[in-house]
Amino acid sequence: MYDAIIIGGGPGGYTCAIRVAQLGGNVCLIEKNGLGGTCTQRGCIPTKYLHSVGDIIRRAKSAKKNGLNTQIDLDYKVLKTRMEATVSRLASGIKLLLKSNGVNSVEGEAHLDSQTKNKIVVNGETIESKNIVLATGSYPVCLPGHEFGENILSTTSLLELDDMPESLTIIGGGYSGCELASIYNALGCRVSLIEAEDHLMPFQIEEIGNAVKKYMMLDGINVLTKARVDKISDTTVFVNGEAVVAEKILVCTGRRPNIDSRELNNIGLKFTPEGIIVDEKMRTNIDSIYAIGDVTGLYELAHVASKQGEVAAENIMGRADSTIDYASLPVCVFTYPEVAFVGELNGKSGEFPLAASAKANCMGETRGLVKAFEKEGRLVGAYVIAPHAGETIGEPALAIKMNLTPKTVGGIMHAHPTLPESFAEAVKDIYGEAIHLPAKAPQRSRVE
């Protein structure tokens, strides 16, 4: 009998399997569609590979002002081959990690045994475990009344195209929509981005979405906000009475948890349309069954799934004090420039524009800013709109996790010239003490 069977080999599943093994457990991992799950196979990794190539193209196009004459000739077939090779290499790395930790990996589609709560059926064989972890991920959904096909693409089918479309209409201005709009525009595709809400990334504060929209439009992306899709005809999207025509349509309006409601109902496991219900230990209403990652509907982020996997593994192996904490959860959106944020984006704030950053000026990329938020003397949040924002956000996340004060963070020496020193300046600006910003006019005290 296994200590744990994990169904799903994405970031949450394979992390959970390795952590159980590290703690001395006997563990089996079952995956039906490629190790690494959506992140490695059809999401984070292929899109970030394309983002890195897009960054090269953007830099090459701007090189002329620095005396470098370049010519861009993109072979998309070669690009796709290299992208797939990167995915394959990383998936092979996950396989090696599992093997080195003694995890038994099984390729196949797993099903919960309807008779008991501790057995799994896979490839016609029934295997037993003390605990089961559901890490089955999520899948993209299309607009009501439409289906994915030749002209209407999902984020998965977009990456499967052999040729890059000359033009692309993207419906949905959330994280994925913004990323893919930026990436395919950089690769040379004419892009329109449609968002029904007032601003892009509608689940974040408006100033972030407005900044992203501004930079996208400067790059030539046709961005439409407050834009409701009236209908779709062939490859034409009608928005607020106007036609937006493109070669392909990409729908990025959301995902749903990949669950079999019949199987869950058979064993009495509680779930909603948004996902499986779990507590802070990633445990469901059935003590021996855990759920992690997109299938919980909490956060569709690979690093969240990984941390949830660690928490589930530690509880399975008897570390009952292991719980999940989302207060210092960083989120990264790979646009140009990148966007990253963490914590509460409200309170007393300080900000530092990249135009004042020495490093950003050396890079020739001065779009963006860093903003930090304080409440009751503690840092509670920050956002970064800058090149390599994903690397910069780690320091704010750590500061929030460690409950540091702005004075403590501002007192840490940062290497110069670097982008992260902009965070220190933003923190100092909370109290009007940034060194590389013009002095603010002192407030005159009232004389009674």
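This is a predicted model: local features need pLDDT of at least 70, side-chain atom pairs count only at pLDDT 80 or more; totals for chains, interfaces and linings use all residues.
## Crossing of α3 and α4

The crossing in which α3 passes α4 is right-handed.

On the α3 side, the contact is made by Ile45, Pro46, Tyr49, Leu50 and Val53. On the α4 side, Leu79, Arg82, Met83, Thr86, Val87 and Leu90 take part. By class, the residues of this contact are nine nonpolar, one polar and one charged.

Thr40 belongs to helix α2, which covers residues 37-42. Its relative accessibility is 6%, so Thr40 counts as buried, the cut-off being under 20%.

Leaving aside residues up to four places away in sequence, Thr40 touches Leu35, Ile45, Pro46, Val87, Leu90, Ala91 and Ile94. Ile45 and Pro46 are also among the α3 residues that meet α4, and Val87 and Leu90 are among the α4 residues in that contact.

The whole structure contains 18 salt bridges. One of them joins the side chains of Asp162 and Lys80, with an N to O distance of 2.9 Å. The partners are 82 residues apart: Asp162 sits in the loop between α5 (155-160) and β10 (167-171), and Lys80 is in helix α4 (residues 76-100). Lys80 has a relative accessibility of 11% and therefore counts as buried.

A salt bridge also forms between the side chains of Asp219 and Arg367, at 3.2 Å from N to O. Here both partners are in loops, 148 residues apart: Asp219 between α7 (206-218) and β12 (222-224), and Arg367 between α10 (358-363) and β24 (369-375). Asp219 is partly exposed at 25% relative accessibility, and Arg367 is partly exposed at 27%.

Which residue does the side chain of Glu344 meet in a salt bridge? The partner is Lys375, and the N to O distance is 2.8 Å. This pair links distant parts of the chain, with Glu344 in the loop between β22 (338-343) and β23 (348-353) and Lys375 in strand β24, 31 residues apart. Glu344 has a relative accessible area of 39% and is partly exposed; Lys375, with 30%, is partly exposed as well.

## Burial of helix α14

How many of the nine residues of helix α14 are buried? The count is eight, and the helix, which spans residues 421-429, is mostly covered. The buried residues are Glu421, Ser422, Phe423, Ala424, Glu425, Ala426, Val427 and Asp429.

These buried residues pack against the strands β23, β24 and β25 (378-386). They also pack against the helices α12 (394-401) and α13 (406-410).

Note on methods
Residues are numbered from 1 along each chain as its sequence is written. Side-chain values use heavy atoms; hydrogens and water are left out. Helices (H or I, at least four residues) and strands (E, at least two) are DSSP runs, numbered from the N terminus. Buried means under 20% relative accessible area, exposed over 50%, partly exposed in between (1.4 Å probe, protein chains only). Contact means heavy atoms within 4.5 Å. A salt bridge is a side-chain nitrogen of Lys or Arg within 4 Å of a carboxyl oxygen of Asp or Glu. A crossing is left-handed if the near helix is turned anticlockwise from the far one by less than a right angle, and right-handed if clockwise. Ala, Val, Leu, Ile, Met, Phe, Trp, Tyr, Cys and Pro count as nonpolar, Asp, Glu, Lys and Arg as charged, and the others, Gly among them, as polar.
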